[in-house]
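Work through the exercises below with the structure in view. Try each task before you read its solution.

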Amino acid sequence: QVQLVESGGGLVQPGGSLRLSCAAPERTFSGYTMGWFRQAPGKEREFVGGIRWSGTTSYTDSVKGRFAISRDNAKTTMYLQMNSLKPEDTAVYYCAAGPRASTWPGRYDYWGQGTQVTVSS
């Protein structure tokens with residue numbers, strides 16, 4: 001069973017920063033598009049951003065200028081640097097891997113278990 005493993009979540013004050021990591025097996029990292037999604041209580045899972053194998057990134061409008069995605073292909077790890085965090089960023093954050101870029105969760109084949117991010121004073 002392929003599994004992606006997220007880490008780095010936690011409690012942070014508004015305006016603070018966190019960096020999430022997503023470690024993946026090589027066979028589900030090489031050549032794959034990687035994505036970050038989040039799900040708040042009572043809401044649908046939503047696309048946060050993604051990074052293609054080429055390194056091209058895309059983000060949902062609400063996080064542009066605050067979040068940055070990167071990937072270390074040698075370590076088969078993706079990162080989500082989150083700055084200027086807001087209470088509305090509170091959610092469980094998931095990483096995912098798929099054959100092509102998409103904002104739709106159904107296009108991703110592999111998922112992590114999620115990590116909680118809570119932004120509160």
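Two strands pair if DSSP finds at least two bridges between them. Strands here are DSSP runs (E, at least two residues; helices are H or I, at least four), numbered from the N terminus. This is a predicted model, where local features need pLDDT of at least 70, side-chain atom pairs count only at pLDDT 80 or more, and totals for chains, interfaces and linings use all residues. Residues are numbered from 1 along each chain as its sequence is written, and side-chain values use heavy atoms, with hydrogens and water left out.

**Exercise 1. Follow β5 and its partners**

Task: Find which residue of β6 is the bridge partner of I51. Then trace the strands that pair with β5.

Solution: 
- Start at β6 (residues 57-59), which runs antiparallel to β5 with three bridges.
- There, I51 has T57 as its bridge partner.
- Five residues lie between the strands of this hairpin, and G55 takes a positive phi near 100°.
- Now turn to β4, joined to β5 by five bridges, again antiparallel.
- On this side, F47 in β5 stands opposite F37.
- The hairpin of β4 and β5 has six residues between the strands, with G42 at a positive phi near 80°.
- Last, check burial (buried is under 20% relative accessible area, exposed over 50%, partly exposed in between; 1.4 Å probe, protein chains only).
- Five of the six residues of β5 are buried, so the strand is largely enclosed by the rest of the structure.

**Exercise 2. Sort the aromatic pairs**

Task: State how the rings of F37 and Y108 are arranged.

Solution: 
- Apply the rule: rings of Phe, Tyr and Trp (its six-membered ring) pair if their centres lie within 6.5 Å; planes under 30 degrees apart are stacked, over 60 edge-to-face, the rest tilted.
- The count comes to seven aromatic pairs.
- F37 and Y108 have ring centres 5.2 Å apart and planes at 80°, so they are edge-to-face.
- F37 sits in β4 (residues 33-39) and Y108 in the loop between β9 and β10 (110-111), so the pair ties together parts 71 residues apart in sequence.
- Both of these residues, F37 and Y108, are buried.
- Y94 is in β9 and W111 in β10, 17 residues apart.
- Y94 counts as buried at 14% relative accessibility, while W111 is partly exposed at 23%.
- Put together, F37, F47, Y94, Y108 and W111 form one aromatic cluster.

**Exercise 3. Compare another positive phi**

Task: Where does T76 lie, and what is its phi?

Solution: 
- T76 is in the loop between β7 and β8.
- Its phi is near 45°, positive in a residue other than glycine.
- With a relative accessible area of 15%, T76 is buried.
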